[in-house]
Number of protein chains: 2
Amino acid sequence: MRICIIGLGAVGQGVAQVFAMKRERIKKDYGLDLNLVAAADSRGAAICGDGLDPRLLLETKRNSGKVANYPEYGVPGISSLEVLDGVEYDCLVEVTPTNIEDGEPARSHMLKAMKNGKSVVTSNKGPLSLFFRELVGTAQNNDVEFKFEASVGGAMPIINFAHETLSGCEIKSVYGILNGTTNYILSRMAKEGSPYYQTLNEAQELGIAETNPSQDVDGIDAACKVVILANSIMKRDVTYKDVDVEGISRITPESIALAQKEGYLIKLIGEASPDSLEVSPRLVREGSPFSVDGTMNVATLKTDLADDVTVVGRGAGSIETASAILSDLISIWKARG
Amino acid sequence: MRICIIGLGAVGQGVAQVFAMKRERIKKDYGLDLNLVAAADSRGAAICGDGLDPRLLLETKRNSGKVANYPEYGVPGISSLEVLDGVEYDCLVEVTPTNIEDGEPARSHMLKAMKNGKSVVTSNKGPLSLFFRELVGTAQNNDVEFKFEASVGGAMPIINFAHETLSGCEIKSVYGILNGTTNYILSRMAKEGSPYYQTLNEAQELGIAETNPSQDVDGIDAACKVVILANSIMKRDVTYKDVDVEGISRITPESIALAQKEGYLIKLIGEASPDSLEVSPRLVREGSPFSVDGTMNVATLKTDLADDVTVVGRGAGSIETASAILSDLISIWKARG
């Protein structure tokens, strides 16, 4: 399988690293040869039909900041869209930064690849939360595969779990702790009785929250994931604007302490059901799967036959997210025979 | 897909009920027509090439105790093995009671079906924890499918999750709370400070523990599941006798209270790794996925790329277990085209 990666940030580098680590094993286990024929960032690309060396690619990117410095096969200045037109490949891995204003440039990358008959794997929440039906429809019309497990909760594989492993069940609703940063902050506030802004600052110092934490603490990241879950698992047709969102900045240590006295915790919960789309702080029972602390993500599928089934995993991390992309690539390989 | 069920206890009845509920939907969603052509219990069978009515079958079994009383198509006295020889079918659903002495009669049923070229789905821990390699080998030699998700943790789908959803990861070990009865007892002891035998008695009154609770509280049930996880996920070749087993009867409310003071709970944990096979009470951290209470089951897969991924679900219940059998049937249908 000839693969083209666009985006060489944390996730793209994770994918290259996973290719380096696992290529031989995946070949042996599944007969799938992951051949990285092109890698593009915003300043150029490295292109080689016989396959790039993922280790050398990583080294080049980390040392010089541009993949175009890849020895012999670097192409400075070429745009990602030109790469997609000029290279022979089978599957696009789209991992450019998330943009929830207009989903670009990821949306254009994916549509072009699909229209050229290529399968697409992505972790990119932007286009998925704005143009889900367009993307899924374009994939269907062009008879290509489109997989996006990594877009929700990194290494908490909930989408494929619902579709593959629980195929016998009807899913009534999905809800979960879909953002690791807010789970971390709320868990610390519960454990230490510390106020919100102080805890946020500590999380920022640890690199768990970003300098501009709004995406996480205002529930925007979780809302994008709710949209993806609603569209993919609940078969709805919604966008980011349809979600009722409330963040965590007004939660006090006093309210958390009160909840704890009654055996509850406060978590930021995202929910997608046939009649609601919501991100808000909610009480969860201690001793329930939702009492998980730290940066973990949790998602529960309410089913007709199996009752509640829950998956817990790491919501972020470049290798963790890349592992979901790898599972999607293997699943495309299996589906295509 | 023509299906033959052997065993009409709680799980077999659950399967019939699920067929009644979901046949139309499964036909619509997957093009799979679940045609129940035979159902056998220890006293006879009901056989109809055009398909039995699962609702009438359930009614017959519940009212008269024997499927052989099924109107028109009942065959009193016929043995299960005779049914398997005499009926045209595609897939056996083996759900007779678990026997961990010699795995019979389930082992003979499954081997005969496989040798006749039929796929097999089971929830039966007995033969799986005694004759795993023989069964898997026979399935391979006869080019048939063999699925057993329901044998570990009813509606906590860990085996297919490891194989399908986490296909990109290598599994380093599997461990979990694999028995709902012991989780219930230990959770109650933690919450109420009540002693073991009193809590066991209460669980028995509620029907959560059996009159003879040894299978659960001595760790035997969990040990069988550890063997199945070791053989299927860790690719080991072990039997029930290889597991170090310690139950929960010596746990005191005092030791639980001591653990709680330090932020821990005591749970009965089963683990399968390359170098250990064990069931024993262990400390788990509050706030970890293992702090789940009640009768829930939990299993964690330690992976190379995605770190720890955990599934939480109902460990028992006839419909819940039947849902895992249904997912296995759908997966066989997909694999066979």
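How many residues of domain 1 of chain A are in contact with how many residues of domain 2 of chain A? The first legend below gives the answer. The structure is a predicted model, in which local features need pLDDT of at least 70 and side-chain atom pairs count only at pLDDT 80 or more, while totals for chains, interfaces and linings use all residues. Residues are numbered from 1 along each chain as its sequence is written, and chains are lettered from A and ligands numbered from 1 in the order in which they are written.

**Figure 1. The contact between the two domains of chain A.** Chain A is divided into domain 1 (2-155 + 318-335) and domain 2 (168-314), with bounds that come from an automatic or database domain assignment. In the contact, 14 residues of domain 1 of chain A meet 15 residues of domain 2 of chain A, where two residues are in contact if their C-beta atoms, placed from the backbone, lie within 7 Å. On the side of domain 1 that touches domain 2, helix 5 (125-130) and helix 6 (132-141) of chain A each supply at least two residues, and helix 5 of chain A gives the most, with 4 residues. That side of domain 1 divides into 7 nonpolar, 4 polar and 3 charged residues, counting Ala, Val, Leu, Ile, Met, Phe, Trp, Tyr, Cys and Pro as nonpolar, Asp, Glu, Lys and Arg as charged, and the others, Gly among them, as polar. The centres of the two domains of chain A, taken over C-alpha atoms, are separated by 29 Å.

**Figure 2. The contact between chain A and chain B.** The contact takes 35 residues from chain B and 35 residues from chain A. Helix 7 (159-165), strand 13 (308-314) and helix 13 (318-335) of chain B each supply at least two residues of the side that touches chain A; here helices (H or I, at least four residues) and strands (E, at least two) are DSSP runs, numbered from the N terminus. Helix 13 of chain B gives the most to this side, with 8 residues, and by class the side of chain B has 17 nonpolar, 13 polar and 5 charged residues.

Figure 3. Chain B can be laid on chain A with an RMSD of 0.0 Å by a turn of 180° and a shift of 0.0 Å along the axis, which is the relation of a two-fold axis; the copies are superposed by least squares on the C-alpha atoms of residues with pLDDT of at least 70 in both. The same surface serves both copies, since 100% of the contact residues of chain B recur in chain A. Of the residues of chain B, Val311(B) comes closest to the rotation axis, at 2.3 Å (C-alpha), and Val311(B) is also the bridge partner of Val311(A). Strand 13 (residues 308-314) of chain A and strand 13 of chain B run antiparallel and are joined by 3 bridges, where two strands pair if DSSP finds at least two bridges between them.

Figure 4. An open sheet of 12 strands, with mixed pairing, has the order 9(A)-11(A)-10(A)-8(A)-12(A)-13(A)-13(B)-12(B)-8(B)-10(B)-11(B)-9(B). Strand 9 (244-245) of chain A and strand 9 (244-245) of chain B stand at the edges, each with a single partner strand, so one side of each is left without a neighbour in the sheet. In chain A, strand 9 is joined to strand 11 (residues 276-285) by 2 bridges, and these two strands run parallel, with Asp244(A) opposite Glu278(A) in strand 11.

**Figure 5. The seven-stranded sheet of chain A.** This open sheet of 7 strands has the order 4-3-2-1-5-6-7, with mixed pairing, and its edge strands, strand 4 (74-76) and strand 7 (146-147) of chain A, each pair on one side only. Strand 5 (residues 91-94) and strand 6 (residues 119-122) of chain A pair in the parallel sense over 4 bridges, and Val93(A) stands opposite Val121(A) in strand 6.

**Figure 6. Backbone details in the loops.** The peptide bond from Glu104(A) to Pro105(A) is cis, with omega near 0°, and Pro105(A) is found in the loop between strand 5 and helix 4 (106-115) of chain A. In chain B, a cis peptide bond likewise joins Glu104(B) and Pro105(B), with omega about 0°. Lys235(A), in the loop between helix 11 (220-232) and strand 9 of chain A, has a phi near 55°, a positive value in a residue other than glycine. Most residues other than glycine have a negative phi, and most peptide bonds are trans.
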